[in-house]
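Good morning, colleagues. Please turn to the structure on the screen, and I shall take you through its two chains in turn.

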Amino acid sequence: MRPGSQVGPGRPGWLLVAVLSVASATAQVVFEATSPYHNIRVEDSGGLRLLTFDGTLQTRMSLRNPLEGHFEYIEYFHLPWLWNTQIARVLMIGLGGGSAQRQWAAYYPEVYFETVEIDPLVVQVAQQYFGVREGPNQRVVVEDGRMYLRRSRQRWDVLLVDAYTENRYGAFIPYHLATREFFELARDRLTTNGIVAYNAIGTLNAWQSDVIGSLYRTLREVFPQVYLFPAQTSQNIVLVATRDSRRRTRLELEQMARVLQTSGRVRMPGFLSRVRALREEPPGHFARCGVLTDDFAPVDGLLTRGR
Amino acid sequence: MGPSAGKPDRSKDAPPGTRARGGTALPGAGTSSLPRSAPSESSLTSPRARLRPLPAAAIAATGGFAILVLEIVGARYLAKDFGSSFYVWVSQIGVVMIALAAGYYVGGALADRWQQLRRLAWLLWPTGLFTIAIPWLAPPVLDWIVNRHPADEPIPPLWQKLDPALGSGVIFFFPCFILAMLSPYLIRLTSQQLSHVGRVSGLIIAASTVGSIAGVFVAGYVLVDHLGLSAIFRWTGGLILLLGGVCWWAEPGAKTVPPETSS
């Protein structure tokens, strides 16, 4: 990545800083348009730049420092370093406001990071208002995530999935990104030590826990190990699935996290506390949740049920 | 959306005796001379091919139900190959509407020509079998559509839009086309007299649309949550086979009706 195009905290010339002066407690709409997928709105409020789809917040970014203000779950996308310290190629499904893209470009500029986003307007908005820059190590492709994986022969060390959307009628998961067949495809496109980190909206025991349980069980069908990381400040759960078959204990993961932080491999502040969110045993009721397949994936029905 | 716009059949008014019109089932070829002086009570149907309105409405409703189940479930089925793109829904709706338009037109023409309910069975049975076989027939075709684009290269924008329509057309055009024939066909067989065509066509079209409404909600709210897609195709195919059976057995001419003189 050329230094000039680098997204980083140490660049005061950052375009968005200019907007800071007008940011106040009152929300100011910067952009609004409707794509085939969402009503997309960008607004500035209280020093934060906000992206909403259909009235629901997708991305938060501090106008002062684009590497701050993001949602907590974005930080769990750094967890794959625990299993692979040599990550070189990352594929992410779902762009939104590009929080993960900004972080990876800033903290790991040597990693090749590619994003697949279905909505071309979202790509434009992320580039124009959220500082997502394409460069030799940051690329954005407009396509459906599953189609892209299917038609691609490339191998990835890490696959990040953030394709959920949510509005006041509930959360919506694209069912074709949640089935056994999709995860098999993902596994086949990963390197032998490959890792999937999958953001899901819900809780472990109440709201939408049936979907989380089904996702967990479906990932377990394909990947030997699946770890649950519930976010503390929001109702997100990041599921991490590894091709590596050895189960790591909490202690091992925390030790590894310290090593990664002291060596400077993972520079994101607070990495260790994210690792500590690990929930070692899945809730008992997960055993009753069904595996999702292309043929039968009642995600919409599950999403409207509590448990 | 929905198979609503069945066109009332008003083309043929030939007296029962004249069965001439060799071969030309082609719609449009039948711009024959409507008797200008047709009395309002002119008979449309030969007595032995008369169908009662309620059974006809039931058949139309079942057909409309099956069409919309296929449409809704089909959009979901296509997502595994074409993604959850907006264009999957656009093309699914578009293709089904094309099938409806074609089915109405051809169905009306066939009704004039055949005037037998039983013949529909020969169209519905293969359609039912086809629907049951979708989970086996479709994947190779869909694979071909997707894989004809070189790997690791973006699909051109035009094909991003048209590929789902191609896939949808290959799978869902045929069953929806046949099912759409039911409405005009049934209108023809149920209308006994020209003066009743308005009421009969209204009944049949309304019944078909009510069936479609049920199809949308049952498929979207119930079936998708409780059955696998292949099971839904199997049940819908079974329903179409059954409908074929009903058309076979309900043929009015099959029973001996005492001859009566019309007009």
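Into which domains is chain A divided? Chain A consists of domain 1, residues 3-62, and domain 2, residues 72-303. Please bear in mind throughout that this is a predicted model.

Let us consider how these domains meet. The C-alpha centres of domain 1 and domain 2 of chain A are 23 Å apart. In the contact between them, domain 1 of chain A takes part with 24 residues and domain 2 of chain A with 21 residues. On the domain 1 side, at least two residues each come from strand 1 (28-34), strand 2 (39-45), strand 3 (48-53) and strand 4 (56-62) of chain A. Strand 4 of chain A has the largest share of that side, namely four residues.

I turn next to a helix of chain A. Which residues of helix 5 of chain A are buried? Helix 5 spans residues 180-188, and its buried residues are Phe182(A), Phe183(A) and Ala186(A). Viewed down the axis of helix 5 of chain A, these buried residues fall within an arc of 95 degrees, and therefore they line one face of the helix. The elements that cover the buried residues of helix 5 include helix 4, strand 8 (156-161), strand 11 (190-201) and helix 6 (209-222), of chain A.

Now to the second chain. Chain B contains six helices and zero strands, and along the sequence its pattern reads α-α-α-α-α-α. Chain B has 263 residues, of which 41% count as buried. Taking the contacts in chain B between residues at least 6 apart in sequence, 90% join residues at least 24 apart.

Helix 4 has already been mentioned, as one of the elements covering the buried residues of helix 5 of chain A.

Thank you for your attention.

Methods
Residues are numbered from 1 along each chain as its sequence is written. Chains are lettered from A and ligands numbered from 1 in the order in which they are written. This is a predicted model: local features need pLDDT of at least 70, side-chain atom pairs count only at pLDDT 80 or more; totals for chains, interfaces and linings use all residues. A residue is buried if 20 or more other C-beta atoms lie within 10 Å of its own, exposed if 12 or fewer, and partly exposed in between; C-beta atoms are placed from the backbone. The arc is that of the directions from the helix axis to the C-beta atoms. Two residues are in contact if their C-beta atoms, placed from the backbone, lie within 7 Å. Domain bounds come from an automatic or database domain assignment.
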